[in-house]
Amino acid sequence: PSAGDALTAATGRTERRQRATGRMSWIPFKIGQPKKQIVPKTVERDFEREYGKLQQLEDQIKKLHKDMKKSTEADVAMSKSAVKISSDLLANPLCDQDQTFMETVTALDTAMRRMDAFNQEKVTQIQKTTIEPLKKFSNVFPSLNMAVKRREQTLQDYKRLQSKVEKYEEKEKSGPVLVKLHQVKEELRPVREDFEAKNKQLLDEMPKFYNSRIDYFQPSFEALIRAQVVYYTEMSKIFGDLTGQIDQQGISDEERQKENEAKLNELRALSIVADD
């Protein structure tokens with residue numbers, strides 16, 4: 001393929017990446033590129049690598065924040081549903097007719113309400129120690145992306161002026177050309193210095209920002225683990241107590257299943273439910 005074909009293909013890939021990610025590319029293909037390599041390839045590769053790591057981190061943080069919210073919402077819905085079921089059972093007329101069953105359902109309802117209370121504590125703890133820090137960390141990225149965008153804009157100005165300098169340097173050195181060349185060089189100097197300052201700052205600070213994630217999130221994830229451990233320890237106690245209250249001594253699950261099946265067969269034998 002020709003050089004033109006290669007450039008067209010590369011441009012297409014860049015545009016597709018921009019549409020897919022919604023982010024700007026820091027090496028766009030534009031008309032009027034200078035012949036001089038104003039940013040060393042090694043520097044540009046370093047910049048791409050460090051910014052790419054931060055883009056990936058941003059995506060991961062957003063996904064984790066979303067998943068954590070969904071998880072806690074599901075936990076709340078689960079415990080509320082369990083309380084609703086036990087409450088409905090208590091209101092069932094069956095409980096009024098059998099004192100033993102009433103005691104069993106009452107024990108279940110008490111356990112479900114204890115579970116719901118501990119679950120609320122767990123969710124509140126996770127919200128404060130994990131979900132909110134995730135959101136706060138995520139809110140830093142727009143400022144970072146804006147700094148990268150400003151660097152890109154300055155780089156384009158730098159390239160445009162450098163290209164103009166090269167154009168005048170190639171012309172015959174007449175008086176007006178030399179005047180224009182001097183003017184453009186004067187215009188270029190502060191833009192070059194501005195770009196170099198922005199580029200240096202980002203190359204210095206992006207790795208620091210990326211590495212800060214460990215110290216920032218380690219306490220949050222430790223708090224998440226502790227909240228889960230406390231919750232499931234309490235659940236073990238609650239359901240252990242419940243088992244002791246409702247378990248009939250000497251009856252296995254298999255025996256209960258056989259007993260239920262026998263009673264169901266008795267119901268099926270009634271004429272009102274018998275098949276025609």
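A salt bridge is a side-chain nitrogen of Lys or Arg lying within 4 Å of a carboxyl oxygen of Asp or Glu. The views below come from a predicted model, in which local features need pLDDT of at least 70 and side-chain atom pairs count only at pLDDT 80 or more, while totals for chains, interfaces and linings use all residues. Residues are numbered from 1 along each chain as its sequence is written, and side-chain values use heavy atoms, with hydrogens and water left out.

**View A. A network of salt bridges links Asp46, Arg49, Glu50 and Lys53.** The structure as a whole holds 21 salt bridges, and one of them joins the side chains of aspartate 46 and arginine 49, with N to O at 3.0 Å. These two residues stand three places apart in helix 2, which covers residues 41-90, so that about one helical turn separates them; helices here are DSSP runs of H or I with at least four residues, strands are runs of E with at least two, and both are numbered from the N terminus. Arginine 49 also meets the side chain of glutamate 50 in a salt bridge, with N to O at 3.3 Å.

**View B. Accessibility of aspartate 46, arginine 49 and glutamate 50.** A residue is called buried when its relative accessible area is under 20%, exposed when that area is over 50%, and partly exposed in between, using a 1.4 Å probe and protein chains only. Aspartate 46 is partly exposed at 32%, and arginine 49 is likewise partly exposed at 44%, whereas glutamate 50, with a relative accessibility of 8%, counts as buried.

**View C. Aspartate 204 and lysine 200 form a salt bridge.** The closest N and O atoms of this pair are 2.9 Å apart. Both residues belong to helix 6, which runs over residues 175-246, and they are four residues apart, about one turn of the helix. Aspartate 204 is partly exposed, with a relative accessible area of 36%, while lysine 200 counts as exposed at 53% relative accessibility.

**View D. Threonine 72 is a buried residue in helix 2.** The relative accessibility of threonine 72 is 6%. When residues up to four places away in sequence are not counted, threonine 72 touches Val123, Ile126 and Ile131, where contact means heavy atoms within 4.5 Å.
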